[in-house]
Amino acid sequence: MGRSRVQVNKAHKTRFSSKSSRNLHRTSLQDGGRIGKPEGNHVKGARAARLQRGKMLREQKKAAVLKEKRSSGGLSSAPRVIVLFPLSASVDLNSLGEDVLKLLSTDGGVTSSSTVASSEYKLRATVLKAPHGDLLTCMEMAKVADLMAFVASANDDISSLIDSFGSQCLSVLRSIGLPSTAVLIRDLPSELKKKNELKKMCTSQLASEFPEDCKFYPADTRDELHKFMWLFKAQRLSVPHWRSQRPYVVAQKVGMLVDDKSPGKCTLLLSGYLRARKLSVNQLVHVSGVGDFQLSKVEVLKDPFPLNERKKQNSMELDDSHDEEVLRSLVPDLMKQEPLVTENIPDPIAGEQTWPTEAEMAEADRNQKQRKPKKRSLPRGTSEYQAAWIIDEIDEEDSDNGDSDDDDMVLGEDHYSNQDQDFEDDKETLYLQDMDNETHNDSEMMDDENLTREQYEDQIKKIKEAHAEDEEFPDEVETPIDQPARKRFAKYRGLKSFRTSSWDPNESLPQDYARIFAFDNVARTQKLVLKQALKMEEESRDDCVPTGSYVRLHIKEVPLVAASKLSSIINTKPVIGFGLLQHESKMSVLHFSLKKYDGYEDPIKTKEELMFHVGFRQFVARPLFSTDNFSSDKHKMERFLHPGRFSLASVYGPISFPSLPLVVLKISEGSDAPAVAALGSLKSIEPNKIILKKIILTGYPQRVSKMKASVRYMFHNPEDVRWFKPVEVWSKCGRRGRVKEPVGTHGAMKCIFNGVVQQHDVVCMNLYKRAYPKWPERMYPQLL
C-alpha cells in the first residue's frame with residue numbers, strides 16, 4: 001500500500017519568489033511527511049535526558065503489560081478463576097455452570113472437576129458457583145476471583161433484578177475490591193426483537209451498579225457462551241492491588257498427616273496452584289480462619305491440567321487414589337526460616353530496680369549523718385507530721401517577718417510535751433474566728449442538712465429528670481453517692497485544652513502492651529519489607545517456587561480440630577493459604593477507618609466481639625471506637641459506632657501493612673449466619689495513638705449572684721470538691737469558670753464564672769482517661 005501524501009497548499013505570487021523560497025515549505029516523501037529540523041546538537045542536555053527517561057518509562061510499561069498478559073494467560077500460568085454470582089434467588093447457576101464446563105471441556109461431556117483445560121480456547125479455567133444466601137462463602141470466592149460473572153435472570157421483574165442479598169453482597173464486594181467484571185443475562189426470549197429490547201432494559205437497569213467498563217452478555221445458547229469465552233480469553237484482567245502483593249494458593253485438595261509426638265496437632269496439606277507471586281519455603285503462611293504457621297516442606301507436583309496433553313486430562317479427578325508425581329521438593333533452612341513469633345514475652349523483672357551495693361548504702365549513711373536538721377519556723381501546736389506538709393514558700397514568708405514570737409516554735413530534735421493540748425486549743429480558736437464566714441454558707445445548705453438519704457436521692461433524681469430533655473452531651477455521668485468521687489474517678493484527669501494539652505503516650509500502659517510489638521517508623525519499615533518482597537520476586541532463588549506451579553504445602557503444627565473443619569468444607573468453600581510478609585505474624589495495635597453498614601440497624605457497642613476480615617485474613621477482635629481527629633494527636637472515645645460517618649476502630653491484631661480492605665461481621669445470638677456490621681480499610685499501625693474516654697460531671701446552681709454561683713449535686717462531700725478544685729468548669733450556656741471552695745458537708749461548692757450565670761443553667765466538668773482496646777479471648781473463627 002502506497003504512502004499517503006501530505007497536504008501541500010498552493011503558493012501565492014510565485015513569479016516574484018526565488019527557487020529556494022518556492023520549495024521551502026515542501027516536505028520530502030522519504031521522511032514520511034515529517035517536517036525536517038535543522039541538523040545540529042539540539043537534543044543535548046536536560047531535554048535529551050527527559051526524552052530518554054520518557055522512552056525508558058514507555059518501554060518498561062510495555063514490558064510490564066506483556067509480562068502480565070503472559071502470566072495471566074500463558075501456558076505456565078495458573079487457571080483463571082471464574083466466579084458465577086447470582087443477583088437474585090431465581091437464577092439457576094447449576095445449569096449455567098454445566099454449560100460453561102461443557103464448552104471448555106475437550107470432549108464436550110460433563111466433568112466432575114471445577115477446573116478444566118481447553119485446547120480449543122488455549123485456556124485453563126476454574127469455575128466456582130457462589131451460593132445465594134451464604135455471605136462468607138461469597139466473600140471468600142470474591143477474594144480469589146479473576147473474573148466476577150454476575151448472573152441476572154430476565155424472567156424477574158425489571159425493577160427487581162437484584163434482591164436484598166445481592167445488593168448486600170455488591171456493597172461488600174465493592175469494599176473488598178472488585179476484579180474484572182461481566183454480567184451474564186439468562187432467560188431471554190428467543191425472538192430477536194424482543195430479546196434485544198429486553199437486553200437493553202436489563203442493561204440500563206443494572207449499569208449503575210457495576211463499573212463503567214463492565215460488559216453485558218446474553219448467556220442462553222452455546223454460541224453466546226462461545227462469544228463470551230473468546231472475549232474473556234483476550235481480556236486483560238485486573239485484580240485489586242492488595243492481592244498482587246502476597247503469594248496465595250486456592251486449595252483444590254486438603255489432607256492431614258497426624259503426628260503422635262504432638263497430640264492435638266497435625267501437618268496440614270494444601271494442594272493447589274500458586275498465584276500472584278513466588279513463595280519461599282522459609283516464609284510464614286496464613287491459613288484463612290485458622291492462623292499463622294511455618295512450612296515443613298513444599299512439593300512442586302506435576303500439573304494435573306496441562307494444555308499440551310489432550311487425552312482426557314480434563315476429566316482427571318484429584319481423588320485420594322490418584323498418584324501425584326513430585327517434580328521438586330523444597331525443605332526450609334533453619335538458619336533462614338522466619339521464626340513464628342506472635343506475642344512478645346515480657347520479662348516480669350525488667351522494670352525492677354537493682355539492689356544498692358554496700359558502697360552506695362555506706363555513702364547514703366554518711367550523707368544522712370552530715371545533714372543538719374533543718375530548723376523551720378512553725379505555728380505553735382504544729383506536730384512533726386503536720387510540719388512535713390508545709391511547703392518552703394510559707395516558711396520563707398514567715399522568716400521574712402522578723403524574729404519569731406513567743407507563740408512560735410522551732411521544730412528540731414526536741415518536742416513539747418503539751419503539744420496535743422495546744423493543737424486542740426488552736427483548733428477551737430480557728431473555728432471561732434471562721435464562724436462568721438461560714439454562717440452564710442451553712443444557711444445556704446440548711447435545706448439539705450435536714451433531708452434523709454432517701455429524700456436526698458429523690459431530689460437529685462427529680463432534677464436530673466427535669467434536665468433530661470437538655471442532655472445533648474452523651475458523656476454525662478452521675479457521681480455515686482455511696483462512693484467518693486476521688487476514688488471512683490481516680491484514673492481521670494482534667495485537660496485545659498483537648499487539642500493542645502500534652503499527654504504522655506507511655507504513661508501507665510496496661511499489661512497487654514507488653515505482649516505487642518511497635519515500629520519506630522512504620523512507613524520506612526513497610527517500604528523495606530515491600531522492597532525485599534520485590535527483590536525476591538525478581539531474583540532466581542533455590543528456596544522459591546515460581547508463580548503458576550502446582551504445589552503441595554506441608555504446614556506444620558496445625559490444630560487437629562481446625563484441619564478437620566477445613567477438610568469438610570473444601571467442596572463448598574475456598575480454603576486459602578497465603579504467604580506473609582516480614583513481621584506480619586506479630587501482634588500490635590491496628591487502627592481501621594470504618595463506617596457502619598447502612599443495612600445494619602442494631603447498635604454496635606465498643607469492645608464488643610466482632611469478626612474482622614482484613615484482606616485474606618480473618619480474626620476476632622474487640623475494637624475500641626473513637627473519632628478520627630486530624631487536628632490533634634488525641635482522639636475521643638465513642639461508646640457506640642454511630643451511623644452515617646467514619647470512625648476509628650482500634651484493635652489488638654496481627655500486623656498487616658496497609659492498605660487492605662476491611663469487612664466487619666457480627667454473629668448474633670440465635671443465628672448462625674453473620675451479618676455485615678461495618679465496612680472500611682486498614683489505616684495505620686500505631687500503639688502510641690492516644691484515645692481518651694471523656695466523662696462530664698454535672699451540677700446545678702442553687703444560689704446565683706451575678707458571676708458567682710453555689711453549685712450542688714456535682715459532688716457529695718467536701719473532700720471531693722477540694723480534690724477536683726484545679727479542674728476548670730463550664731456551663732451549657734457558654735460560661736467558663738473555676739471552683740473556689742466547698743460549702744457545707746454535702747459537696748456543694750462556690751464557683752466563679754466569666755459572665756453572669758443563669759438560674760436554669762447546668763454546670764459541667766470534663767474529665768478524661770486513656771482507653772485501650774480489649775484483648776480477644778479467641779483469635780481465629782475456625783478455632784471457635
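**View 1. Crossing of helices H4 and H5 in the predicted model.** The axes of H4 and H5 come within 11 Å and cross at roughly 40°. This crossing is right-handed. On the H4 side, the contact is formed by Leu135, Cys138, Met139, Ala142 and Lys143, which meet Phe165, Gln168, Cys169, Val172, Leu173 and Ile176 of H5. Of the residues in this contact, 9 are nonpolar, 1 is polar and 1 is charged.

**View 2. Helix H5 and its surroundings.** H5 covers residues 164-176, 13 residues in total. From the first C-alpha to the last, H5 reaches 19 Å, close to the 18 Å expected at 1.5 Å a residue. The buried residues of H5 are Phe165, Gly166, Gln168, Cys169, Leu170, Val172, Leu173 and Ile176. An α-helix has 3.6 residues a turn, so residues three or four places apart point the same way. The partners against which the buried residues of H5 pack are helix H4 (135-144) and the strands S1 (80-86), S4 (147-153), S25 (661-666) and S26 (675-685). After H5 comes Gly177, with a positive phi near 115°.

View 3. His286 counts as buried because its relative accessibility is 0%, and the cut-off for buried is under 20%. A polar contact of 2.5 Å joins the side chain of His286 to the side chain of Asp292. Leaving aside residues up to four places away in sequence, His286 touches Gly291, Asp292, Ile576, Gly577, Phe578, Leu580, Arg617, Gln618 and Tyr780.

Notes. Residues numbered from 1 in each chain as written. Predicted model: local features only at pLDDT ≥ 70, side-chain atom pairs only at ≥ 80, totals over all residues. Heavy atoms only, no water. Helix = DSSP H or I, 4+ residues; strand = E, 2+ residues; numbered from the N terminus. Expected span 1.5 Å × (residues − 1). Buried < 20%, exposed > 50% of the residue type's maximum accessible area, 1.4 Å probe, protein only. Contact = heavy atoms within 4.5 Å. Axes fitted to C-alpha atoms, helices over the stretch in contact; angles between N-to-C directions. Left-handed = near helix turned anticlockwise from the far one by under 90°. Nonpolar A, V, L, I, M, F, W, Y, C, P; charged D, E, K, R; others polar. Polar contact = N/O pair within 3.5 Å; in protein donor to acceptor, adjacent residues only side chain to side chain.
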